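Morning, everyone. Let's bring the structure up and take a quick tour of two of its elements.

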Amino acid sequence: MAELQWLGVIRHGQSTGNVLAQQAEAGGLEEIAIPERDADVPLSELGRSQAEAVGRWIADLPAGQRPQVAVVSPYLRTRQTAELALAGSGIPAVFDERLRDRELGVIDLLTARGVEARLPLEAARRRRLGKFYYRPPGGESWADVLLRLRSLLGDVRAAYPDGRVVLFGHEAVVMLVRYLVEGLDEARLLELARATALGNCSVSSWRRDGDRLRPERFNAVEHLHREGTPATRQEDVNAEV
């Protein structure tokens with residue numbers, strides 16, 4: 001049976017939301033003053049430079065190793081990252097809402113301090129259930145996001161047999177794609193999450209070896225350093241929950 005030969009996932013470049021969230025957390029604020037809805041948060045100027053650096057990395061890949069298609073989250077920051085990274089490459093992009101960021105419901109735009117101060121019962125429930133299963137009212141747990149990513153990867157495998165596919169997504173998407181591809185369990189995923197600060201425009205990838213996709217790189221940002229582009233590891237809004 002034909003199978004994917006290579007799968008990559010690229011986190012979006014630094015967004016204006018990343019910058020504002022970092023400032024709010026550092027300032028001890030309860031709210032993050034992002035004016036746009038999450039789907040409309042754009043890249044920062046640095047984020048655009050990071051996306052262009054990813055494009056140069058893709059352009060330098062040998063023809064037989066270059067992605068054949070990109071599947072992209074419809075959120076603005078991921079669309080902009082893909083547009084800049086794929087410009088002039090000839091690699092087609094398709095958009096799929098299953099790659100969107102995790103939805104946070106009632107805790108959207110609250111810092112960790114804000115959740116504790118304004119929604120103490122939710123904060124306690126989050127501590128009890130843990131990051132994998134906690135679902136904020138109106139939002140999603142990591143397990144919920146996994147359901148849509150599992151569906152997406154099944155469709156990608158069917159649509160691009162023997163193909164090389166790159167996904168453009170978000171912080172949680174990168175971690176959860178790794179969970180699915182490598183068959184991790186909850187404990188190992190949470191261990192990785194605690195130990196890893198995912199870089200903006202980082203590349204993670206898996207290459208087929210026999211009957212499975214095996215890890216090739218994880219959270220790699222060397223392509224940014226080569227281009228003299230600062231690497232940032234800012235969390236998506238409320239990514240710690």
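Tryptophan 6 has its bridge partner in β5: arginine 207. Strands are DSSP runs of E, at least two residues, and helices are runs of H or I, at least four residues, numbered from the N terminus.

A word on the source. This is a predicted model, where local features need pLDDT of at least 70, side-chain atom pairs count only at pLDDT 80 or more, and totals for chains, interfaces and linings use all residues. Residues are numbered from 1 along each chain as its sequence is written, and side-chain values use heavy atoms, with hydrogens and water left out.

Back to β1. It also joins β4 (residues 164-169), through six bridges, and these two run parallel. Valine 9 has leucine 167 as its partner there.

How many residues of β1 (residues 6-11) are buried? Six of six. Buried means under 20% relative accessible area, exposed over 50%, partly exposed in between, with a 1.4 Å probe and protein chains only. Trp6, Gly8 and Ile10 point one way; Leu7, Val9 and Arg11 point the other. In a regular strand, side chains alternate between the two faces of the sheet.

Now helix α8, residues 186-195. Its buried residues are Leu189, Leu190, Leu192 and Ala193. They sit on the same side of α8, because they cover an arc of only 160° around the axis. That arc is taken from the directions from the helix axis to the C-beta atoms. Ala187, Arg194 and Ala195, on the other side, are exposed. The buried residues pack against α6 (142-159) and α7 (171-182), with contact meaning heavy atoms within 4.5 Å.

Note on methods. Pairing = 2+ DSSP bridges.
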